[in-house]
Amino acid sequence: MSDTKFVGTPRKVTTHVNQNEDLIFEKSSAGKKAYRLAELDVPAVDAASLLGDAARTDLGVMPELSEIEIVRHFTRLSTWNYAIDLGMYPLGSCTMKYNPRVNELVSRLEGIAEAHPYQPESLSQGVLGIMKLLSDCLVEITGMDTITLQPAAGAHGEFTGILLARAYHEAKGNPRKKVLIPDSAHGTNPATAAVCGYQVANLKSNAQGMVDIAELERMVDEDTAALMLTNPSTIGVFESEIHKIADILHAKGALLYMDGANMNALVGKTRPGDFGVDVMHLNLHKTFSTPHGGGGPGSGPVACKKILEPFLPKPVVVTRPDGTLALDYDRPQSIGRVRMFYGNFGMFVRALAYILANGPDGLRQTTEDAVLNANYIRAKLEDTFDLQYKTRSLHEVVFSDRRQAKNGVKTGDMGKRLIDYGFHAYTVSFPMVVQGAMMIEPTESESREELDLLIDALKQIAREAEENPELVQTAPHATRLRRLDETTAARKPVLRWKPAPNGAADSSALTPDTAAKEW
Amino acid sequence: MRYLPKSPADREEMLAEIGVASIDDLFSTIPAEYQFKRDLAIPRQHGESEIIDRFREFANQNATGYASFLGAGVYRHYRPVLIDTVVSRGEFLTSYTPYQPEIAQGTLQAMFEFQTMICELTGMEIANASMYDGSTGAAEAIMMAVRVTGRDGAVIARTVHPEYREVVATYAQHQEIPLVEAGYSESGRVDLAALDAAIDDNTACVLIQSPNFFGTIEDVAAIAEIAHKKGALLIVSIAEAISLGIVRPPAEADIVSLEAQSFGVAPSYGGPFCGVIACKEKFLRQMPGRIVGETKDMDGKRGFVLTLSTREQHIRREKATSNICTNQALVAMMTTVFLTVYGKEGLKELAVHNLAKAKYAADTLGGIGKVLFNGAPRFHEFVIDLGKDAEAVNTALLERKIIGGLPLARWYPELGANASLWCATELTTKAQIDAAAEALK
């Protein structure tokens, strides 16, 4: 034994091993491997002689690690994420509901996951059958006449839907010039109209946050191609005069486009096709439970009325006289393709599994529970937070930070503080028609107990905003990282890792752009 | 309903707390004539085992147990087990877009790693955090080139995947971007003289694909020189990402639009896949899609955030660079795991195996038919004229449980009815190739 007294381990002390995980490149060492290829059963080739000048010799800083290191790397990263499986996302307009695991299982069945989009139709009856059954279900749910599953996401669905409207008007001799968009709309709506070659005309909301009928009547003319309307609106309220809105548009030959982002409030209770909508998109990753996966993949089917059917993207799934399914490319009036192949097929599988798990009674109960949850939160919090629009809420409720802002506590601060209470933030500062918006959509996936925890947390935060505003303004406090410097991130973009010239690991900044503005 | 966490008593109590008599009161803003009173005419509620049975039935009606020589933009490669291990974690699968970076560092750091790998593989300086897919990525790249150059036309090689060209045409039509096609030469590469003639003062960009739709590797440097001489940008679309393991990256390009499906993503009847745009740094503020950047938190610790969102629709509305909102985060995560498993050496070895299999297949089938476009190097696909109608050949092959190459007459009538596009990957066995040759004799 040495007589030196033990003073402790020299190892860097951390609260948890997961607090420290370098970038994969910083963990890499030359010569490590996590793969072994199958034995080559054909003669080996010399790439340099086959490819000549086109041959590549080096793959730069691509990582080299063993399998256990890779598992630990990504598992550790995963512990830094919040997720539905951990708790509630009260994110308004995002519909963060439970993602059933059976959906994942069936999407990985061999005949489904390995299906090649060009395999013969005779060997694709199962995948086409999935597309057909999902299409039939979605047509019934929306009350529309027909559908395309091709769009890859909601905004892509908007693009497709507005192109359908454009093709329809063009076929009548005039594509028209403008698309009307309420000021409460999501930013994708005006961006979509612009990408489709339309001018955007902003439609002001009335005092209730709804479409102003008189203003609409004034604005709709023979140059109006469509109105893009979210229903229920982004404040979670049903446009009760929806049919009047449709009539005003139709009288001038314009179409009613419905952004189906909030369809979780309507399924089984009312159908857009019945209340005058001509074309709409759905978000399978919202209403139909396909996972958000940290930002995608989405899937944005577009349902429409008969008058728009000739213009649907090609191909469309059709039933042959002998009962077999086929892809029909002979669509002379089609807007063309909006995506290669047939869409985000893997999401169709999951959405259909969700519909089967629910059935008609389950879907109706789902909608009712989503609306019940939102109204419960509203009832419990309307004394605590300012409610700008008092109309009856459906699936989400939008409070304002007006009372707390007097103490310098903004919606964004309270959203961040919610993280300390074990929740994701609600949707912050959207829609813009509500000052300091706090947009809460609980979905049907939350139990009463979970809702009560959220309500308690928000009440507590409102109290903190009164008594200790700084605590809220500097939140979150319980996370691995504190608030991040987003301004510097935008002004001096560092968008990839690079080894430092001296061999030490460091990221590499691009040329600073001091003119860059961040919100 | 098993996904709903409420007892009947919970519902009653909550209605009482809200102060309404029944659930219907909460839907009273929907006019009575539009309230849907019957059951939806959709299949009844299924038990979990019934759902699995039903999808097994669907799965069994598809091609299983066939040897397939299909490629053409969707490639069958081995997918390491770790991919599903990682993306099946609820923390990745069920998380939202990382707008709250303090509780999304897992996704954000992985996306930063993804962007770095894409830059390294493509030879570009920056990359976004993914796009819908390669076809829409190509269309977005063209719109980006139009914004960068202030010109409004695009020249597209006929050797770009036909479905990519169709998607580009849909987008271009409404952006009023005139498209001109540049044909191919006997080598299967872009006809350089025709390309040169097609570019004029109004051409914003040239779009090529390499390896191209025929599997041939384009002379990117020569094409870049022609485009740049006339002030046009070069966009290189890559549909087979594995090629980057052994094919020189298109560093002369200005924008690369990659489809990363080959990096561990199932064919899944055509999607979801993973597009991504990479480009020169100077075009950063015209690049569409989400981007992750490095920064520090209040205590100076390294962290990552979504950045440069002033380009995006939720800030700029109709003036945004694109209407794109979601990306393919989870699929990008799959590709990141794939690239980490294979890594620097594995990706190269894998690509060489693909070369070897395709060479053996081309040599073997070349003894029966005539392989076209022999004047330039190719990766793992080749066009062959088997001397008989390609559709009829394929129908006969199905009897032997073989799915033959893709008949090309539908898109390239000039090649005749007998031409088809064959693909061999590391998963194609010698026995399968020999069996196909035997059946074709």
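Which residue in β7(B) is the bridge partner of B:Val236?

Tutor: The partner of B:Val236 in β7(B) is B:Val256. Before we look around it, a word on the model: it is predicted, so local features need pLDDT of at least 70 and side-chain atom pairs count only at pLDDT 80 or more, while totals for chains, interfaces and linings use all residues. Residues are numbered from 1 along each chain as its sequence is written, chains are lettered from A and ligands numbered from 1 in the order in which they are written, and side-chain values use heavy atoms, with hydrogens and water left out.

Now back to your pair. Strand β6 (residues 233-238) of chain B runs parallel to strand β7 (residues 255-259) of chain B, and four bridges join them. Helices (H or I, at least four residues) and strands (E, at least two) are DSSP runs, numbered from the N terminus. Two strands pair if DSSP finds at least two bridges between them. Strands of a sheet pair through backbone hydrogen bonds, either parallel or antiparallel.

Step back and you find an open sheet of seven strands in chain B, with mixed pairing and the order β2-β8-β7-β6-β5-β3-β4. Its edges are β2 (126-127) and β4 (179-182) of chain B; each has a single partner strand, so one side of each is left without a neighbour in the sheet.

Helix α10 (residues 220-229) of chain B has the buried residues B:Val220, B:Ala222, B:Ile223, B:Ala224, B:Ile226 and B:Ala227. Here buried means under 20% relative accessible area, exposed over 50%, and partly exposed in between (1.4 Å probe, protein chains only). The cover over these residues of α10(B) includes α9 (192-198), β5 (203-209) and β6 of chain B. Just after α10(B) comes B:Gly231, with a positive phi of about 80°.

Chain B has a second sheet to look at. This open sheet has four strands in the order β11-β12-β15-β14, with antiparallel pairing. At its edges stand β11 (370-371) and β14 (406-407) of chain B, each with a single partner strand, so one side of each is left without a neighbour in the sheet. Two bridges link β11(B) to the antiparallel strand β12 (residues 381-385) of chain B, where B:Lys370 stands opposite B:Asp385.

What about the interior? The largest nonpolar core holds 313 residues, and B:Phe55 and B:Trp422 touch the most other members. A nonpolar core is a set of buried Ala, Val, Leu, Ile, Met, Phe, Trp, Tyr and Cys residues joined through side-chain atoms within 4.5 Å. Helix α12 (residues 329-366) of chain B gives this core its largest share, 20 residues. Apart from it lies another core, of ten residues, including A:Met210, A:Ile235, A:Val398 and A:Val433. In soluble globular proteins, nonpolar side chains tend to be buried together. Leaving out residues up to four places away in sequence, B:Trp422 has contacts that include B:Phe69, B:Leu365, B:His380 and B:Leu440; contact means heavy atoms within 4.5 Å.

Chain A has its own details. Its strand β8 (residues 316-319) runs antiparallel to strand β9 (residues 325-328), with four bridges between them. One bridge pairs A:Val316 with A:Asp328 in β9(A). Five residues lie between the strands of this hairpin, in which A:Gly323 takes a positive phi near 90°.

A:Val409 is buried, with a relative accessible area of 0%. Although A:Glu470 is 61 residues away from A:Val409 along the chain, their C-alpha atoms are separated by 8.2 Å.

Chain A has 15 helices and 14 strands, and buried residues make up 64% of its 519 residues. Chain B has 14 helices and 15 strands, with 67% of its 441 residues buried. The C-alpha trace of chain B spans about 80 × 55 × 50 Å along its principal axes, and the C-alpha atoms of chain A fill a box of roughly 95 × 75 × 50 Å, also taken along the principal axes.
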